[in-house]
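Hi,

Here is the structure I promised to pass on to you. Have a look at it first, then read my notes below.

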Amino acid sequence: MRSYQDLFRTREFTPLFLSSSAQAVAQTVGGLSLGTLVYRSTHSPLLSAVSMFGPSLAQVLGATLLLSGADRLPPRRALAGISLAFAAGTALLALPGLPLWAVFAVVLVEGLVASLGGGVRWGLLNEILAKDGYLLGRSVFNMMNGVMQIAGYATGGLLVAVLSPRLSLALAAVLHTAAAAGFRLGLGRRPPRSAGRASVSATWRTNARLWSHRPRRLTYLGLWLPNGLVVGCESLYVSYAPGAAGTLFACAAFGMLAGDVTVGRLLPPARRRRLATPLLLLLAAPYAVFALHPNLAVAACLVAVASVGFGASLVQQERLLEFTPDELGGHALGLHSAGMLTLQGVSAALAGSVAQLTSPAVAMTAMALASAVVTLALATAARRTPAPAPRPAPAP
């Protein structure tokens, strides 16, 4: 599969793409609205960061308990059900007078539900596309997420300013409902990829199998840790620039879009493989400048440049799939997604705690330096790891 046109000619790719786009906008608008609502009521960088990225903290529970369902549930039904669950949770968060403990309870439940969604979606994408099409398809989804985040944060910031965070949350609930309808009506009925019943024990067994392979284990750590620590920096945008957080989020999404286009479409495979570590270092380095408390214009440029480095995840996902049997594709990709989001949530809480004791700028710098150190350590370990064997070519 060589072009974007080939992707959109593939049956089921377009409805999956469009429904996921609606879901991405809903999550973006809802997250910014909830973070702003919590910050206005508490003036706490920690609580604001956790409210936005808190669902990620629950991903580790979902990856431990629910992830076997990624390959054992019918994809269409699972994706539609997950979107409806998010619609209900977001509508609940929009209710006035909801106590803070209830807000975080809803956030926890949403995180548990979301932990299953990544495995179902990316496993289905890997099933829909040809073997050589996953990276290109995933890059298109990442680009879509970048565009939808730009639109979502810009629109969300406007809605929060003109209307209110609660009305913005209500709109996000409507978008989640639209995504559920798109999944239900646009996708075909497919059987589960793996036989057997989804269970906690099946989840544990498959996680242990995936984690036991050293090259795959290092790939997971590279996908989770450097990325997560930098998202800790992003979680402080609201407290760093309370009146312009939407601008910083939009610039970060623009940089991510540029990185995904470059890595997913423009770079040849041989060159792409060598760029994971440089891209991860690029992801962290610009945030060190925040120690100087740059103004909004400089900060926006810095986050845009840094976010180009998120393109490293495409290279790492390609490597992960080379190590993973086809029947475990959904579970493996779901474990990547759940682990990544979990580390993002932990990093958001850590960054918020450091900001609470110092300042958002100091916390951003600390998280960026930690990300760079982890990247260099994993690159050193990977040099002692054998290269993956190439996949056999498909039969003619």
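Let's start with Glu12, which counts as buried at 5% relative accessibility; buried means under 20% relative accessible area, exposed over 50%, and partly exposed in between, with a 1.4 Å probe and protein chains only. Keep in mind that this is a predicted model, where local features need pLDDT of at least 70 and side-chain atom pairs count only at pLDDT 80 or more, while totals for chains, interfaces and linings use all residues. Residues are numbered from 1 along each chain as its sequence is written, and side-chain values use heavy atoms, with hydrogens and water left out.

So what does Glu12 meet in a salt bridge? Its partner is the side chain of Arg190, at 2.6 Å from N to O. (A salt bridge is a side-chain nitrogen of Lys or Arg within 4 Å of a carboxyl oxygen of Asp or Glu.) This pair links distant parts of the chain, 178 residues apart: Glu12 is in the loop between helix H1 (4-9) and helix H2 (13-42), and Arg190 is in the loop between helix H9 (165-186) and helix H10 (200-211). Helices here are DSSP runs of H or I with at least four residues, strands are runs of E with at least two, and both are numbered from the N terminus.

Arg190 is partly exposed, with a relative accessible area of 21%. Arg190 also forms a salt bridge with Glu127, and there the closest N and O atoms are 3.1 Å apart. Glu127 sits in helix H7 (residues 100-128) and Arg190 in the loop between H9 and H10, so this pair ties together parts that are 63 residues apart in sequence. Glu127 itself is partly exposed at 31% relative accessibility.

Elsewhere, Arg273 and Glu322 meet in a salt bridge at 2.3 Å, N to O. Arg273 is in helix H14 (residues 269-273) and Glu322 in helix H17 (residues 312-322), so the pair ties together parts 49 residues apart in sequence. The count comes to six salt bridges.

Next, the nonpolar cores: sets of buried Ala, Val, Leu, Ile, Met, Phe, Trp, Tyr and Cys residues joined through side-chain atoms within 4.5 Å. The largest has 45 residues, and those with the most contacts inside it include Tyr237, Phe249 and Met364. Helix H13 (residues 245-266) gives the largest share of this core, six residues. Apart from it lies another core of 42 residues, among them Ala80 and Val120.

Now the rings. Rings of Phe, Tyr and Trp (its six-membered ring) pair if their centres lie within 6.5 Å; planes under 30 degrees apart count as stacked, over 60 as edge-to-face and the rest as tilted. How many aromatic pairs does a search of the whole structure find? There are 12 aromatic pairs. The rings of Phe13 and Phe17 have centres 6.1 Å apart and planes at 15°, so they are stacked. Both lie in helix H2, four residues apart, about one turn of the helix. Phe13 is buried at 0% relative accessibility, and Phe17 is buried at 14%. Ring pairs link Phe8, Phe13, Phe17, Trp122 and Phe141 into a cluster.

Cheers
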